[in-house]
Amino acid sequence: MSEVTRSLLQRWGASFRRGADFDSWGQLVEAIDEYQILARHLQKEAQAQHNNSEFTEEQKKTIGKIATCLELRSAALQSTQSQDGFKLEDLKKLEPILKNILTYNKEFPFDVQPVPLRRILAPGEEENLEFEDDDEEGGAGAGSPNSFPARVPGAAIFFEFKHYKPKKRFTSTKCFAFMEMDEIKPGPIIIELYKKPTDFKRKKLQLLTKKPLYLHLHQTLHKE
C-alpha cells in the first residue's frame with residue numbers, strides 16, 4: 001500500500017467516524033453534511049479512470065456502493081419517515097469494509113448499486129454549452145411525440161423544476177434531474193441536480209451547484 005493510499009483511507013475512516021458520531025449524538029445537520037461530503041469523495045474515486053486510481057475496478061465498485069449507503073443514511077435523516085430508511089447500525093457495518101477495502105473480497109452486505117457514471121463537465125467546458133433563452137419557452141418539449149424519440153437515445157425518467165418569473169410573466173426551468181431505468185426500484189434514492197437546459201441526450205451534464213444538493217425520492221412500486 002502506498003503512502004498516498006494509506007493517507008486516503010485514513011481520511012475516509014476519520015470522516016466516516018465523525019459522521020457516525022454526530023449521527024449517534026443526534027447532531028443530524030452535522031451528520032448529514034459529513035455523510036454527503038464523504039459520499040462525494042468516494043463517488044469521485046469510484047468514477048476515476050484506471051490510470052488515476054490505485055484501486056481495482058471491483059474495489060471501486062464497492063467504494064461506490066458505500067457512497068450510496070452514505071447518501072441513503074443522509075436521506076433517512078432528512079425524511080419524516082426515517083424509521084423506514086437506512087439505519088445507523090447498518091451503516092456502521094460498512095466501516096471495516098472501507099478500512100480494509102484493499103483486501104475485502106466478500107459479498108457486499110446491502111443490495112445497492114453505485115451512482116451511475118455520468119459525465120460532468122469541467123468548469124472550462126461550460127462556455128461551449130448552448131443554454132436556453134429564458135425568454136423563449138416555446139418549441140418541442142419533453143412530451144412532444146416528434147422530438148422525444150430523437151432526443152432520448154436510451155430510456156430515462158426526467159424531472160424538471162420550474163419557477164415563475166413575475167416580471168417576465170412566464171415559467172422558466174431552474175434545473176433538472178433524471179433516473180436511469182436500473183434506478184427504478186422500491187425504496188429511497190438520491191439523484192443529482194443539473195443545470196438547465198434539460199439535456200435529454202445526457203451527454204453534457206453540469207451539476208447545479210458544488211454544494212451537496214440532491215433530489216431525494218422514495219419510490220413505491222405497485223403491481224397491477
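Asp-199 is placed in the loop between strand E4 (194–195) and strand E5 (214–219); helices (H or I, at least four residues) and strands (E, at least two) are DSSP runs, numbered from the N terminus. The model is a predicted one, in which local features need pLDDT of at least 70 and side-chain atom pairs count only at pLDDT 80 or more, while totals for chains, interfaces and linings use all residues. Residues are numbered from 1 along each chain as its sequence is written, and side-chain values use heavy atoms, with hydrogens and water left out.

With a relative accessibility of 15%, Asp-199 counts as buried; buried means under 20% relative accessible area, exposed over 50%, and partly exposed in between (1.4 Å probe, protein chains only). Not counting residues up to four places away in sequence, Asp-199 touches Phe-158, Phe-176, Lys-204 and Leu-205, where contact means heavy atoms within 4.5 Å.

Glu-34 belongs to helix H2 (residues 28–46). Neighbours within four places in sequence aside, Glu-34 is in contact with Ser-15, Arg-18, Gly-19 and Phe-22. With Ser-15 there is a polar contact between the two side chains, at 2.7 Å. A polar contact is a pair of N or O atoms within 3.5 Å; within protein, one must be able to donate a hydrogen and the other to accept it, and residues adjacent in sequence count only if both atoms are side-chain atoms.

Glu-34 also forms a salt bridge with Arg-18, and the closest N and O atoms are 3.1 Å apart. Because Glu-34 lies in helix H2 and Arg-18 in helix H1, the pair ties together parts that are 16 residues apart in sequence. Arg-18 is partly exposed, its relative accessible area being 40%. A salt bridge is a side-chain nitrogen of Lys or Arg within 4 Å of a carboxyl oxygen of Asp or Glu. Side chains of opposite charge can pair when their charged atoms come close.

The structure holds 9 salt bridges. Another of them joins Glu-192 to Arg-40, with the closest N and O atoms 3.2 Å apart. This pair links distant parts of the chain, since Glu-192 is in strand E3 (residues 187–192) and Arg-40 in helix H2, 152 residues apart. Glu-192 is buried at a relative accessible area of 9%, whereas Arg-40 counts as partly exposed at 30%. Glu-160 and Lys-162 meet through their side chains in a further salt bridge (3.6 Å, N to O). Here Glu-160 is partly exposed at 33%, and Lys-162 is partly exposed at 46%.

Helix H1 has 23 residues and reaches 33 Å from its first C-alpha to its last, close to the 33 Å expected at 1.5 Å a residue; the expected span is 1.5 Å times one less than the number of residues. Its buried residues include Trp-12, Ser-15, Phe-16 and Gly-19. The cover over the buried residues of H1 includes H2, H3, H4 and H5. Gly-26 follows H1 and has a positive phi, near 85°.

The largest nonpolar core has 30 residues, and those with the most contacts inside it are Trp-12, Leu-42, Leu-70 and Leu-94. A nonpolar core is a set of buried Ala, Val, Leu, Ile, Met, Phe, Trp, Tyr and Cys residues joined through side-chain atoms within 4.5 Å. H3 gives the most to this core, with 7 residues.
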